[in-house]
Amino acid sequence: MSSIVLDYERETLKDKANKFKQNWPQHVKSYILSFFPIFQWITRYNSSWMLQDAIAGVTVGMVLVPQGIAYAKIANLEPQYGLYTSFVGACLYCFFGTSKDISIGPITVVSLLVGRAITNVTTAHPDITGPEVAVFLSVIVGIITILMGMIRLGILVDFIPGPAIAGYMTGSAITISLGQWGKLTGVKLNSHQSPYLVVGDFFSNLGGIHIDIAFGLTALFALYGIKYFAAKLGKRWPKFKQSLFYFGIMRNGTIVIVGTFVSFCINVAHPTESPFKILKSVPAGFDAMGVPRMDLGILGEVMDVLPSIIIILVLEHVSVAKSFGRVSDYTIDPNQEILAIGVTNLAGAFFGAYPGTGAFSRTAIMARSGAKTPLSSGFVAIIVVLALYILTPAFYYIPEAILAAVVIHAVSDLVSGPKYIKELWATSKLEFMVFSAAVLITFFDGVEDGIYIALALSLFIMLLNIARPRLAVMARSPLDPASKSTTAVPAANDFYSSSQHYIYFDERDPHFEAHIEPLPPGVVVFRLGNALLYPNASHVTESIVAAAKARTRQGESDENKKELLWTQTVDARKNNHLPILEAVVLDFTAVNKIDSTALQTLSSARELLDRYAGQPVEWHFTGIVNPQVRNDLLLYGFGTMEDQGMTTSTSDSTLYASSCASGTTAATKPKEEDSEKIQEVTFKDPPEVIKDEDKERQQQQHPDEHPPESYYSDPLDVDNMVHPYYMETNKFSPVIVDPHNFLPRDRHGCFHWDVDSAVRSICERWSTRRQHIQLSPSSTTSSTAGSTAGSTAGSSPSS
């Protein structure tokens with residue numbers, strides 16, 4: 001049985017290029033086919049899926065028609081433009097999408113931003129119409145998102161955290177609801193100003209409340225009532241749960257149909273003029289089809305709104321698709337979803353559509369209705385087409401107050417509830433600040449600024465976390481509490497024990513206060529909490545140097561004896577009770593990346609600590625998960641035994657040279673020379689002398705195991721017996737082997753599997769060196785003459 005030796009070869013750029021040349025046809029083919037996910041599943045499509053897709057598509061279509069009409073009014077467009085947007089998104093998504101639940105179409109926040117863009121452009125350029133601005137935005141948004149999808153920029157979505165999304169969605173919902181108060185009550189309001197000004201205008205014009213409020217409030221209460229009682233009655237009578245579910249999700253269409261019928265009856269009695277606001281004429285079919293007008297004058301007026309539209313389109317669509325993918329146990333491709341948004345918006349511009357994306361409410365309905373594949377969106381498109389060609393005469397009498405109620409009811413789902421806010425406050429005060437800032441700025445200024453501020457604060461917090469990662473100074477506790485040292489500082493013979501293993505933890509952890517055992521004198525251990533990059537390199541290395549100096553004393557080198565630094569006090573060198581720094585151990589388990597700036601600052605820290613200690617300080621690294629990190633450390637002089645000053649004495653240099661020649665390191669050599677510390681024997685009966693034939697049989701059965709000669713003749717050494725918790729007993733032999741000694745070992749002796757292996761390796765080598773020096777005839781002379789890191793390592797505990 002032998003341990004695994006780790007080594008990693010560098011893969012050059014030439015090797016990668018050759019590998020790509022061999023497989024480039026397959027790469028190109030897979031890249032092109034990835035744009036059309038429908039080819040991956042359409043051949044397996046079956047009739048049972050079609051039935052479920054049809055039910056889900058028809059259900060969502062009946063919800064989308066009234067929503068599309070209402071959202072178009074938010075965008076300052078005629079009702080049919082909302083249906084154009086709904087049709088194109090639903091028709092094309094099934095070819096390019098990877099989610100079975102997404103419903104692409106108009107959404108409230110984007111409709112609000114499009115409405116503001118139209119107001120800005122038509123005010124500055126009266127000759128440009130609102131629909132022209134809408135299709136111009138669709139073209140620009142479509143091109144940008146297509147490029148984002150093709151070059152795989154879906155990763156950008158991951159940089160926007162949940163609190164920022166929740167904040168601006170909550171603020172947008174409040175803004176949209178306040179903007180609908182005028183239509184709900186019949187009061188004339190300027191809904192394009194800041195939300196708090198809309199509130200002031202509303203209360204100052206309460207005398208202008210019209211009969212529209214009868215339709216608006218009735219419809220709003222009915223929508224909430226149907227939602228509440230459908231869910232409650234479904235739990236009470238499970239056999240009607242499915243029917244009540246469909247009735248509940250059809251509540252928008254139901255209210256619009258009932259309200260339109262009442263409106264028709266009233267307007268028949270008053271044919272001259274309607275006593276309340278209604279939609280009136282809606283053109284049938286695709287009346288706005290054509291090549292979009294691309295006027296560059298529009299671009300200058302919409303630049304303040306365009307980034308917000310793109311952010312919301314991409315962010316809401318991908319976040320909603322991911323959420324329902326996790327719920328239904330399937331994976332979506334964010335890059336392909338962004339591409340799907342781009343294609344639907346670019347194609348929609350030729351139908352007169354304005355920018356649209358996936359909506360949370362309609363996606364939830366699609367999922368609850370049992371959609372099986374993305375083809376369900378095709379059935380949604382069929383319902384929208386039927387509405388455009390058959391139902392447009394009925395749209396004439398739809399009251400605008402009812403559409404306002406539909407909008408207010410829909411956006412209420414976007415508001416974050418008290419539970420989320422309490423959890424956010426308890427989890428992170430900084431993220432709660434991001435959420436609050438997004439809501440307040442949206443309310444007092446506008447949706448665009450709310451988005452930008454939320455993103456800026458989120459990026460600032462992210463950079464702060466990167467620049468100031470947690471650096472823990474590690475302490476240790478024995479796994480066998482019975483062998484815990486009772487002295488504050490172990491004696492020279494006690495700092496290494498082959499039979500004891502330790503767990504390492506943050507020294508400030510209160511759970512281990514009563515179980516801490518001192519580290520070997522001169523050794524300090526650190527655990528890094530993040531990648532080591534240029535924003536945090538200086539902070540991390542300065543913290544390492546400061547912590548190392550706080551736990552050790554300055555070495556007595558010729559350079560250190562000259563003078564004190566101006567920053568040092570007179571008592572700076574009187575900490576004689578502290579040991580001299582011998583070794584630094586860095587736990588790199590969380591470090592998956594290290595850049596050149598960090599490597600340079602780490603090298604500077606090494607030089608600084610060498611001068612401070614008056615001798616070369618050993619640097620050890622544990623838990624490296626990325627081979628590139630290991631290669632970079634080697635490139636900058638870390639990780640090799642010679643560069644760490646570990647072979648300083650003549651005897652130790654000979655030992656290291658011989659180990660290198662035999663293909664082993666100095667860290668593994670002591671295992672052979674001091675094997676009695678690793679393998680011990682225990683008997684149920686008193687020890688006996690084992691016969692020669694037993695010895696030969698043992699060696700034949702286990703040729704890889706070489707127990708010491710004392711195993712066959714010496715009495716049992718109870719004091720040095722290895723704890724049975726860490727041993728494995730071979731059924732053919734009473735030899736007990738410590739499994740920790742067979743952990744993977746790196747070819748370079750300064751890289752280790754874990755912290756315990758690193759500290760054990762250091763102490764084992766120091767102990768072996770001390771024994772080697774004591775056995776050497778010139779040990780007294782060499783130990784007196786040599787005062788370097790290697791020769792002082794064995795005597796460091798006594799210092």
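**Figure 1. The whole chain, counted in helices and strands.** Helices (H or I, at least four residues) and strands (E, at least two) are DSSP runs, numbered from the N terminus. By that count, the chain has 33 helices and 13 strands. This is a predicted model, in which local features need pLDDT of at least 70 and side-chain atom pairs count only at pLDDT 80 or more, while totals for chains, interfaces and linings use all residues. Residues are numbered from 1 along each chain as its sequence is written, and side-chain values use heavy atoms, with hydrogens and water left out. Of the 799 residues in the chain, 50% are buried (buried means under 20% relative accessible area, exposed over 50%, partly exposed in between, with a 1.4 Å probe and protein chains only). Take the contacts (heavy atoms within 4.5 Å) between residues at least 6 apart in sequence: 83% of them join residues at least 24 apart.

**Figure 2. Helices α5 and α14 packed together.** Two packed helices are described by the angle between their axes and the distance between the axes. Here, helix α5 (residues 108-124) meets helix α14 (residues 306-328) at about 165 degrees, and their axes are 10 Å apart. Axes are lines fitted to C-alpha atoms, for helices over the stretch in contact, and angles run from 0 to 180 degrees between N-to-C directions. The angle makes α5 roughly antiparallel to α14 (under 35 degrees counts as roughly parallel, over 145 as roughly antiparallel, 65 to 115 as roughly perpendicular and the rest as oblique). Look for V109, V110, L113 and V114 on α5, which meet S308, I309, I312 and L313 on α14.

**Figure 3. G356 in its loop.** Find G356 in the loop between α15 (334-348) and β3 (357-358). Is G356 buried or exposed? With a relative accessible area of 3%, G356 is buried. Beyond its neighbours within four places in sequence, G356 is in contact with T85, I104, G105, P106, L313, I341 and N345. I309 lies 47 residues from G356 along the chain, and their C-alpha atoms are separated by 9.5 Å.

**Figure 4. The open sheet of six strands.** Strands of a sheet pair through backbone hydrogen bonds, either parallel or antiparallel. This open sheet has the order β5-β4-β6-β7-β8-β13, with mixed pairing (two strands pair if DSSP finds at least two bridges between them). At the edges are β5 (502-506) and β13 (751-752), each pairing on one side only. Helix α23 (residues 537-551) packs on the sheet and touches β4 (471-478), β6, β7 and β8 (618-622), with its direction at about 150 degrees to that of β6. Strands β4 and β5 run antiparallel, joined by five bridges, and M474 stands opposite D506 in β5.

**Figure 5. Strand β7 and its partners.** Strand β6 (residues 523-528) pairs with strand β7 (residues 583-587) in the parallel sense over five bridges. Which residue of β7 is the bridge partner of V525? That partner is V585, while V524 has V584 as its bridge partner. β7 is also joined to β8 by five bridges, and these two run parallel. From β7, A583, V585 and D587 point one way and V584 and L586 the other way, and all are buried.

**Figure 6. S263 and the residues around it.** S263 belongs to helix α12 (residues 251-269). At 0% relative accessibility, S263 counts as buried. Leaving out residues up to four places away in sequence, S263 touches F215, F276, I278, Y397 and P399.
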